[in-house]
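Here is a predicted model to walk through.

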Amino acid sequence: MGVKLSDITNAVNGTVYACKEYLDDELEYAFSSDLMSDVLTIDKEDVILITGLNNIQTIRTCELAEIKYIIYARNKMINNDIIKLANENKILVIQSPYSVFKVSGILYNLGVKPIY
Amino acid sequence: MILTYKVQGGDFSNAGKCSSEVKKVLKQLNIEPKIIKKVVIALYEGEVNIVAHAYHGVITVEIDTKQIKITLKDEGPGIPDIEKAMEQGYSTASPIVRELGFGAGMGLPNMKKNTDYMHISSQVNEGTEVILINYF
Ligand SMILES: Nc1ncnc2c1ncn2[C@@H]1O[C@H](COP(=O)(O)OP(=O)(O)O)[C@@H](O)[C@H]1O
Ligand SMILES: [Mg+2]
């Protein structure tokens with residue numbers, strides 16, 4: 001009973017930068033954080049990360065924590081290193097013009113559940 | 001099986017590469033996914049600590065039929081008070097480390113949580129050695 005990634009992408013006015021083949025996936029949980037150590041405490045797999053950071057460690061963290069979907073808020077610039085590493089590790093990358101707060105609210109309203 | 005990796009202090013863009021390589025090897029060895037995730041998360045925090053806090057280091061991963069043992073040995077400033085460093089929230093991390101999304105003082109506690117055995121030994125102005133073991 002998850003929410004479809006394509007619906008999430010539309011709702012946040014998102015642009016997809018990598019692995020658009022996962023837009024048909026469904027997910028249940030989201031976690032909003034700029035703190036990668038915090039992301040590493042998540043023990044669910046079916047999660048989308050919403051973040052305001054845009055460095056390569058965000059994708060590394062998703063790779064190592066088995067998180068398959070990420071939204072970069074506030075149109076954070078997504079460079080080629082991020083796209084390359086995301087493609088290598090099969091991580092769907094969405095960029096949204098909205099803030100972390102707004103993206104989180106939209107996903108919450110769509111029925112995506114919090115982790116903690 | 002023994003794997004070794006070199007880690008360069010301050011090389012933030014490559015932080016996590018070792019952990020990524022190790023993850024691939026553990027997957028190939030068909031180790032239980034739950035154990036892989038724990039090992040990799042503990043290792044990643046340890047690798048980031050070398051990049052963030054030390055000058056350079058070597059990570060050795062020893063895998064046998066009973067356990068995975070990881071040794072993270074660095075040359076660096078060392079840890080003056082290990083007990084304090086283990087506390088959730090204690091951090092001397094620089095603003096650069098914080099911008100990366102680390103430096104909240106959760107690394108060592110995360111490492112402890114994800115391993116069956118953890119031991120830190122450190123000499124100030126020389127370096128630090130962290131041993132992590134996960135049993136199968
Ligand atoms: N390899 C290391 N060399 C020197 N100091 C370290 C090392 N690892 C950890 N420390 C010290 O322990 C503190 C806590 O580490 P950690 O829990 O990983 O938090 P963080 O890295 O976010 O600061 C660090 O801020 C640092 O002072
Ligand atoms: Mg740390």
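Start where two chains meet. Helix α3 of chain A and helix α1 of chain B (residues 17–28) pack at an angle of about 25°, and their axes lie 10 Å apart. Angles under 35 degrees count as roughly parallel, so α3(A) is roughly parallel to α1(B). The crossing of α3(A) past α1(B) is left-handed.

Which residues make this contact? From α3(A) come A:Arg60, A:Glu63 and A:Leu64. From α1(B) come B:Lys17, B:Ser19, B:Ser20 and B:Lys23. By class, the contact of α3(A) with α1(B) has 4 charged, 2 polar and 1 nonpolar residues.

Now turn to the sheet of chain A. It is open and has 6 strands, in the order β2-β7-β6-β5-β4-β8, with mixed pairing. The edges belong to β2 (15–18) and β8 (113–114) of chain A. Each has a single partner strand, so one side of each is left without a neighbour in the sheet.

Within the sheet, β4 (residues 29–32) and β5 (residues 47–51) of chain A run parallel, joined by 4 bridges. A:Ser32 has A:Ile50, in β5(A), as its bridge partner.

Helices pack on this sheet. Helix α3 of chain A (residues 56–65) touches β5, β6 (69–72) and β7 (92–95) of chain A. Its direction makes about 160° with that of β6(A). Helix α5 of chain A (residues 100–110) lies across β4, β5, β6 and β8 of chain A. The angle of α5(A) to β5(A) is about 155°.

Methods:
Residues are numbered from 1 along each chain as its sequence is written. Chains are lettered from A and ligands numbered from 1 in the order in which they are written. This is a predicted model: local features need pLDDT of at least 70, side-chain atom pairs count only at pLDDT 80 or more; totals for chains, interfaces and linings use all residues. Side-chain values use heavy atoms; hydrogens and water are left out. Two strands pair if DSSP finds at least two bridges between them. Helices (H or I, at least four residues) and strands (E, at least two) are DSSP runs, numbered from the N terminus. Contact means heavy atoms within 4.5 Å. Axes are lines fitted to C-alpha atoms, for helices over the stretch in contact, and angles run from 0 to 180 degrees between N-to-C directions. Angles under 35 degrees count as roughly parallel, over 145 as roughly antiparallel, 65 to 115 as roughly perpendicular and the rest as oblique. A crossing is left-handed if the near helix is turned anticlockwise from the far one by less than a right angle, and right-handed if clockwise. Ala, Val, Leu, Ile, Met, Phe, Trp, Tyr, Cys and Pro count as nonpolar, Asp, Glu, Lys and Arg as charged, and the others, Gly among them, as polar.
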